[in-house]
Amino acid sequence: MTIYRNLAIAALSAVAALSWGVTAKVCIDPGHGGSDPGAVGNGQQEKTNVLNTALKFKAWLDKDTQDANGGGSWNIVMTRSTDVDVSLQGRCDIANNNNCNRFMSIHNNAASNSSANGTETFSYSAPNTASNLRDKIQTRMIEAWNRTNRGVKTASYYVLRYTNMPATLSELAFITNAGDAVYTGGSSWQDLAGKAHMFALQNHYGLAAYTPQTAQTYIVDNGGSGFSASSNWFASTSVSGYYGSNYHARATAAVSDPAQWTANIATSGNYQIYAWWTAASNRAPSAPYVLPNGTTVNVNQQANGGKWNLLGTVSLSAGARTTKLSCWTTSGYYVIADAIKYYGPN
Ligand SMILES: [Zn+2]
């Protein structure tokens, strides 16, 4: 009965954390280090493998935190980020003193019999919040590496026993097995293990598995592909500070006749859109840029020339997305079409 009540409380707190959008503080513990190489085999040292894997795991979580389009927000504490000695109690102290919400230890397995192989993941006891995370790590690791599934287990490992928060210990695979060692020591496999642990953490906190995207920059210049304008627009270099080799200009008039910058956006998400122009007193004080979502942003092109100026942040789906500059504004001026930059998703 007590067990079931504790389970219900644990489930409730996980849901509450999600609905409040709480940032989870996660302690990542690469096993061994410094004078302790951990297990060795197939030309590899466990301390190096697990540090590299843990740093890749951290990088994934940092990317997930940067990308607001999915996944979670993570505050990472490392028990070590370099090849140094940290005692078992020292590792627990780091997690406990930082009030981390979860502790995740990363190891490679070893056996005197080199045929032993596969993936297993530990918690101190079960069922509880720790074993919930443990189970998800195991599932995601099998999915990522597809090594022998040795299952989920409980063990009285020091770092599982003396950390105050739900804690897991991943034995990714056997460094002493030639087949497994391809995975434990392979950089791209380590990266996939890091990603698998991120997916497990996302799922554990009730989030769908999400691969964060790296923000990209797309620049469309008036001299390059993706730009179009009618022949009423003329190329010029008479005012300095242009982007690339020149800019286009057009006299303002009571027609739209827009210059257009189209970028092929690879990934949907939020993008910052910036405009570059050359400033002079004959420029339109209210030049109307029309963003891909239809919003018009009026800028004073008599100032802020020769640099990127933020027009706004818009949600873009993947595909060809166009920003326009209309010439329909106060008569007697020029509108300047130089370059547009899209930056995202973020
Ligand atoms: Zn170890």
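Predicted model: local features only at pLDDT ≥ 70, side-chain atom pairs only at ≥ 80, totals over all residues.

I started in the loop between helix 4 and strand 7 (149-154), where Asn146 sits.

Is Asn146 buried or exposed? I found 10 C-beta neighbours inside 10 Å, so Asn146 counts as exposed; the cut-off for exposed is 12 or fewer.

I then went to Asp257, another residue other than glycine with a positive phi, here near 30°. Asp257 belongs to the loop between strand 12 (247-251) and strand 13 (259-265). I noted 17 C-beta neighbours inside 10 Å for Asp257, so I put it down as partly exposed.

Next I checked for cis peptide bonds. One joins Ala126 and Pro127, with omega at about -5°. I located Pro127 in the loop between strand 6 (119-123) and helix 4 (129-145). A cis bond also runs from Gly344 to Pro345, with omega near 0°. Pro345 is in the segment after strand 20 (339-344).

**Helix 2 against helix 7**

How do helix 2 and helix 7 pack? I read an angle of about 50° between helix 2 (residues 46-66) and helix 7 (residues 187-204), and their axes are 8 Å apart. That angle makes helix 2 oblique to helix 7. The crossing of helix 2 past helix 7 is right-handed.

I listed who meets whom. From helix 2 the contact includes Asn49, Lys56, Phe57, Trp60 and Asp64, and from helix 7 it includes Gln190, Asp191, Lys195, His197 and Met198. Sorted by class, the contact of helix 2 with helix 7 holds six nonpolar, six polar and four charged residues.

**A closer look at Lys195**

I picked Lys195, which is part of helix 7. Is Lys195 buried or exposed? It has 22 C-beta neighbours inside 10 Å, so Lys195 counts as buried; 20 or more is what that label takes. Leaving out residues up to four places away in sequence, I saw Lys195 touch Trp60 and Ala144.

Lys195 and Ala280 are 85 residues apart along the chain, and 51 Å separates their C-alpha atoms.

**Domains**

Last, I checked the domain assignment, which gives domain 1 (2-204) and domain 2 (216-344). I have the C-alpha centres of domain 1 and domain 2 down as 48 Å apart.

Technical notes: Residues numbered from 1 in each chain as written. Axes fitted to C-alpha atoms, helices over the stretch in contact; angles between N-to-C directions. Helix = DSSP H or I, 4+ residues; strand = E, 2+ residues; numbered from the N terminus. Parallel < 35°, antiparallel > 145°, perpendicular 65-115°, else oblique. Left-handed = near helix turned anticlockwise from the far one by under 90°. Contact = placed C-beta atoms within 7 Å. Nonpolar A, V, L, I, M, F, W, Y, C, P; charged D, E, K, R; others polar. Domains from an automatic or database assignment.
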